[in-house]
Amino acid sequence: MAGRQIDLDAIPSDIITQRNYNYLLEDEYIVPEGIILELDEVQQFEKAQDEIYSIFQSELEEMIRNGQFGFLDLPSKMIDLIIYSYQKKHQHVVGRFDFAGGIDGLPIKLLEYNADTPTMIPESSFVQDAFFKHIYKKPAQQYNSLEKDLEVFFNRLLISESKNHPSLIATSLGYPEDTAHAKFIMDIASKEGFDVEYADLQHIIFSPGEGVYLEADNGDYVQADYLYKMIPWEFICFEEPELLDILHDLITNDLVYVMNPAYTLVYQSKLFLDHVSKKYDRPFFLQSSRYPKDFMGKKYVEKVSFGRLGENIKIFDESSQIIEETDGDFGHFDKVYQEFTDLYKDQFNEYYQLGLFNVKGIGSCMSFRRADKLIIDDDAEFIPHFIPQ
Amino acid sequence: MENNQNEYQGPQPEEQSTGGGFNFRWILYGAVGLYFLYRMFSGGSGDSSNDYVEETLVEPTQGIICELKEEEKDLYKITNEELIENRADSRIIVTNLDSSIDTFTIDEVKISDASNPRRSMMRSVLMGGMLGYMMGRPMGSGLARSSYASDNSYKKSNTGGRSRLNSTARRTTVRKPSTKTGFGSGKSSRSYGG
């Protein structure tokens, strides 16, 4: 098959503006281009996601049975929360696997799992859908039911957790993109019958032994039984340990239900990915190690256990010379090394990385980020996909 | 591609949002809210770790015989309050317009009964008097002149009566968990998503 990149007539800027996600229109992040996938490629991606999620669950269950959390370097209260939230079956709202390959015969390889605070949700759901329905306009399919699946999620949560009052605070640290993601989830919860409110974390009142509150405009204090956070668990662990203490009290006393739940921090950790990759011999796991010497004579990549947005990554060639690197804020975390794998490269030498979203662990949506370099970071472009019939 | 594996049941009608309102079930009003806010931002008088705040609860131990008079139809005023030894022996003696007399316990007056508006009117008057301290009003708050039939009855309770009730009250210091806020402030300059 020829190059998969296709040009499109426009971008759905009206819909983006109408829904008040104007930040997506900045920095030419959304471009009038797409990528063509074949149906069997999509099915292979979905099969990989299902199997990987199942492996992650099995391995976490085994860690809980055996109390094997030492290698993750987490505070003991965080480990308590991981165990509690998993055993109490707190639901995993949404995560995103990042894959390399999978197109034109390249092997599918898991790069990482953004299990805790995945981004790219608005553009992958309604923007990609708008590309499909209003701009592509050809007989095709798209692997994208993310918005609908999230509606189903909150509808089911309302039923399964009927002892809780359906009141939800969505929160972030205030960066516009994170706030937009929190509000996106909040709006879906509202549609399904939750009373909702957004507040930056600093404005939320945490009361040990009582719950989570906001002060309303009229001076009343209102309590929420659910908290959706666009704030990483590792931030809470290492930057706000006092908040971890309070959340430990509130969650283990069923005074608040936090999403994504604490156990998603395990899935998010590249130390866990390293652990799983060694234990399970599956083609979609990259060779992984805590030591660069294990990659003598091979291209390999250095990452950190809790890195984000392509930061603090180094790619080494066969002579252990750096061929590409990014700096960032997460260099203090543990290093993990992965064998290098090829991203799909189109006819214009641009590299594509697949994001595959799951809701409650079930595949829900695919979309791509693209860059003219090997490390796909915050400068990448968003690329919708289409599956011609 | 239809990859949804769940059967969508649609929104639950009885739980529909009211347009983004935040009508949560637990609402703390008025003075309680202000007190809560004060303790939160003042840090209370808690220990050095700031995990708890201390609060002194003041509770009457003596009882009161409260005399009420119905001056006009459904308009009651306190004519006299006498302290007695036992709180459990407290009574409200009501002289009605027709000169008949009813006697109630505090618990009887406290019961909300939609079919008995008379009791509700008595309750609001009693809350302004010393008996109000036994019905949940903080002992630091003053008496309401409007609850009393005369200046004399008001002064009697507001000076000697209130002072004696306060001097024999039980004081309990309790430790309450402090509330915390302000986490993550100053961290909005970058995304923490992935």
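A crossing of two helices is left-handed if the near helix is turned anticlockwise from the far one by less than a right angle. The close-ups below show a predicted model.

**View 1. Helices α3 and α8 of chain A pack with a left-handed crossing.** Helix α3(A) covers residues 76–87, and helix α8(A) covers residues 241–252. Their axes lie 10 Å apart, at an angle of about 25°. Angles under 35 degrees count as roughly parallel, so α3(A) is roughly parallel to α8(A).

**View 2. Residues of both helices form the α3(A)–α8(A) contact.** From α3(A) come Lys77(A), Met78(A), Asp80(A), Leu81(A) and Tyr84(A). From α8(A) come Leu244(A), Asp245(A), Leu247(A), His248(A), Ile251(A) and Thr252(A). Six of the contact residues are nonpolar, two are polar and three are charged.

**View 3. Five strands of chain A make an open sheet.** The strand order is β13-β17-β14-β15-β16, and the pairing is antiparallel. Strands β13 (288–289) and β16 (322–325) of chain A are the edges. Each edge strand pairs on one side only.

**View 4. Strands β14 and β17 of chain A pair in the antiparallel sense.** Strand β14(A) runs over residues 300–304, and β17(A) over residues 335–339. Five bridges join the two strands. In one of them, Tyr300(A) has Glu339(A) of β17(A) as its partner.

View 5. Just after α2(A) comes Gly67(A), with a positive phi of about 65°.

Technical notes
Residues numbered from 1 in each chain as written. Chains lettered and ligands numbered in written order. Predicted model: local features only at pLDDT ≥ 70, side-chain atom pairs only at ≥ 80, totals over all residues. Heavy atoms only, no water. Axes fitted to C-alpha atoms, helices over the stretch in contact; angles between N-to-C directions. Helix = DSSP H or I, 4+ residues; strand = E, 2+ residues; numbered from the N terminus. Parallel < 35°, antiparallel > 145°, perpendicular 65-115°, else oblique. Contact = heavy atoms within 4.5 Å. Nonpolar A, V, L, I, M, F, W, Y, C, P; charged D, E, K, R; others polar. Pairing = 2+ DSSP bridges.
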